[in-house]
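Q: I am new to this structure. Can you show me how to read it, starting with the ligand?

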Amino acid sequence: MVDAFICPRCHQPLRTEDRFCQQCGLDLAIEATIGELLAEYNLPAGSEVPLEPEILISRLGETLVAQGKISPQQLEIALKYQADQNAQGRLVRLGQALVEFGFLDESSLDEAITLQILQLQQALKRANQELERRVEQRTKELRQALLRVSELNQVKANFIANVSHELRTPLALLRGYLDMMKEGAFGEITDEQAQVLDALLRSATRLEKLIDDLLLFAYAERGELTLTLSKVRLQEIAGQIVESHRYAAQAKGIRLEARIEQDLPSVHCDRERIAWVMSELINNAIKFSSSGGKVSITVYHQQGLITVAVQDQGIGIPAKRLQEIFEPFHQLDGSTTRRYGGTGLGLALATRILEAHGCQLRVESEVGKGSLFEFSLPALEEEHFNGSSR
Ligand SMILES: Nc1ncnc2c1ncn2[C@@H]1O[C@H](COP(=O)(O)OP(=O)(O)OP(=O)(O)O)[C@@H](O)[C@H]1O
Ligand SMILES: [Mg+2]
């Protein structure tokens, strides 16, 4: 016998198939319905409220009159009697009063109550069916809306991929001719012209990066982000990337500090993409810091993981906006007079790349104090580090 099946009135064990308690005859179906109603109206279960079928019938008197079982006058007499008795501290139910006056016999009362309960159950069933129908309808609508959104996302990703491809070709042509011109293929150039050509080439490089980022984003959105995995020494790429950002940091008056452990195990990752992530993080750290600030890059080994951390003393990010920064094309400074430039793709792509590697980008930040972005990749075991491969 399972403990859960105990009669709420006489506390004797029940069998699951019983409708009535074998010991005290309690109607368990009515009891359950009463329980549901108590829960629905947030009433405390237990002895405070007498668990009788009559509690289910809020307007028993009117119902009995409508059914022709009693007259309106008899109802009035019984109600007055009930009120008098209640005032004297004796709790009398209306049905009981009607029976005591002989206006109604027990079985007619039971019949009326049962009928009303059945009607209530029917109404409840109809309401449930209607509710289920509406839930089904809403679910269908939501599924269609979701499908539409994913179709639109696909269209957006395809559009970005196509436009980016189309932009690449003329840009490659421009860069080609600019390079040739700078090398003097079309005649001698003056120093002034060389400076102009350098500026044009820098712009071409920026455009190329933007196009590459857009393409990468489009691939990631279509689930086509592929990784070329190899054994990589993160300390090496970190060192190279720090060097490539030295000039930008210096130009802004920012101290770039690298604390990179050299004797570290390798990791398994896509070298180019992880380098891209590091570059984005350092780029952001410099971009969102002001002159006199410090940006430090740390690479260390702890508990089987190689962690890359980029810390700045820049503007910081409000705690409640931390989630937003990972959304594509989203920048916290959304004003038209944006101070910092960029398209808002860096972190969205960085998270996708890291997720594809099975790791996450962690962030801690405080407004006005600075931010810390870091990620960790599992260190390869010693034998791999020593050169043997799987
Ligand atoms: N180190 C940081 N300090 C303060 N805010 C940051 C930092 N890094 C990112 N953010 C906030 O998160 C937003 C999104 O960053 P994300 O790198 O995705 O875009 P972006 O740098 O604005 O543009 P893009 O990377 O495409 O050039 C930024 O616009 C900025 O508001
Ligand atoms: Mg960025």
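A: Start with the shell. This is a predicted model. In it, 21 residues surround ligand 1, and the closest are Asn-284, Lys-287, Gln-331, Gly-344 and Leu-347.

Q: Which polar atoms lie at 2.8 Å from an oxygen atom of ligand 1?

A: Look at side chain and backbone in turn. In the side chain of Asn-284, an N or O atom is 2.8 Å from a ligand 1 oxygen. A polar backbone atom of Gly-344 is also 2.8 Å from an oxygen of ligand 1. For Leu-332, a polar backbone atom is 3.1 Å from a ligand oxygen. The protein covers 95% of the 600 Å² of accessible area that ligand 1 has on its own.

Q: Which element gives the most to the shell around ligand 1?

A: Helix α8 does, with 3 residues. At least two shell residues come from each of α8 (271-287), α9 (346-356) and β7 (370-378). Sorted by class, the shell has 8 nonpolar, 10 polar and 3 charged residues.

Q: How many aromatic pairs does the structure hold?

A: There are 4. One of them joins Tyr-81 and Phe-101, edge-to-face, at 4.9 Å centre to centre with 85° between the planes. This pair links distant parts of the chain: Tyr-81 sits in helix α3, Phe-101 in the loop between α4 and α5, 20 residues apart. Tyr-81, Phe-101 and Phe-103 form one aromatic cluster.

Q: Why is the pair of Tyr-177 and Phe-186 called tilted?

A: Check the angle between the planes. Edge-to-face needs over 60 degrees, stacked under 30. The planes of Tyr-177 and Phe-186 are at 40°, so the pair is tilted. Their ring centres are 6.2 Å apart.

Technical notes. Residues numbered from 1 in each chain as written. Chains lettered and ligands numbered in written order. Predicted model: local features only at pLDDT ≥ 70, side-chain atom pairs only at ≥ 80, totals over all residues. Heavy atoms only, no water. Near = heavy atom within 4 Å. Polar contact = N/O pair within 3.5 Å; in protein donor to acceptor, adjacent residues only side chain to side chain. Areas by Shrake-Rupley, 256 points an atom, 1.4 Å probe, with all protein chains shown as cover. Helix = DSSP H or I, 4+ residues; strand = E, 2+ residues; numbered from the N terminus. Nonpolar A, V, L, I, M, F, W, Y, C, P; charged D, E, K, R; others polar. Phe/Tyr/Trp six-rings, centres within 6.5 Å; stacked < 30°, edge-to-face > 60°.
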